[in-house]
Amino acid sequence: MKLDTPGLSNSAVSLEKLTAAHRCLLAESSAIESMWTSMPVISTGTNFETYYDHILAEAARGRIIPFVVTRLSDGAFAGVSAFLNVSLTHRRLAIGYTWHPPAMRGGVVGPATALGLIERAQSCRIRRIEFLIAEDNAAAIASVERFGAVREGLLRSYIRIADGRWANMAIYALVDAEISAAITLLRDRVRALLIA
């Protein structure tokens, strides 16, 4: 199995590799409003079209594996996420560029998306999963801490965000047995949220 093998899903969401065909779907969502406060500056400009083209180009080069998330209960667009900085040689990757519509935050979509990506990484023999999160993104930090990611440090003034400010990035990771433990926690959480 490869990281981008089709069929990535669980009981709550499915993740499909992002392509040019998803451009309108994302453009019509509220993701654009959020990108100015979370996406790093890129050399080709800071607008939706250049960001989308950049992601597709990075995917074509194998530097990123972006996904569109669909909520299975109603087929609704449920966000995006990606594998970043993949090194099969060193069996590590990062999970990032994650965004869910505001109405879906705090429910099953977030943990189910994390579960799908972490399970796929483990099935591909990845032994280190990193999360670089802006230090001021308390919700994202709480989310990864909830499933056991360990804080390893802080990269000061690490990236310039599209809105012009410089962001400190907190580094979190799951390593070896921590990955299995996170999967167990996320499966339990997804199951509980689907029952509720």
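Modeller: Here is a quick chat about the sheet and the helices.

Modeller: Heads-up: this is a predicted model, where local features need pLDDT of at least 70, side-chain atom pairs count only at pLDDT 80 or more, and totals for chains, interfaces and linings use all residues. Residues are numbered from 1 along each chain as its sequence is written, and side-chain values use heavy atoms, with hydrogens and water left out.

Biologist: In what order do the 8 strands of the open sheet come?

Modeller: The order is β1-β2-β3-β4-β5-β6-β8-β7, with mixed pairing. Strands are DSSP runs of E, at least two residues, and helices are runs of H or I, at least four, numbered from the N terminus. Two strands pair if DSSP finds at least two bridges between them.

Biologist: And which are the edge strands?

Modeller: β1 (8-9) and β7 (150-160), each pairing on one side only.

Biologist: How do β2 and β3 pair?

Modeller: Antiparallel, over 5 bridges, between residues 13-17 and 64-71. E16 has V68 in β3 as its bridge partner.

Biologist: Switching to α4, is it largely enclosed or open?

Modeller: Largely enclosed by the rest of the structure, because 11 of its 15 residues are buried. Buried means under 20% relative accessible area, with a 1.4 Å probe and protein chains only. Among them are V109, L115 and R120.

Biologist: What span should it have at 1.5 Å a residue?

Modeller: 21 Å for residues 109-123, and the end C-alpha atoms of α4 are 21 Å apart, which agrees. The expected span is 1.5 Å times one less than the number of residues.

Biologist: What follows α4?

Modeller: R125, with a positive phi near 70 degrees.

Technical notes: Buried means under 20% relative accessible area, exposed over 50%, partly exposed in between (1.4 Å probe, protein chains only).
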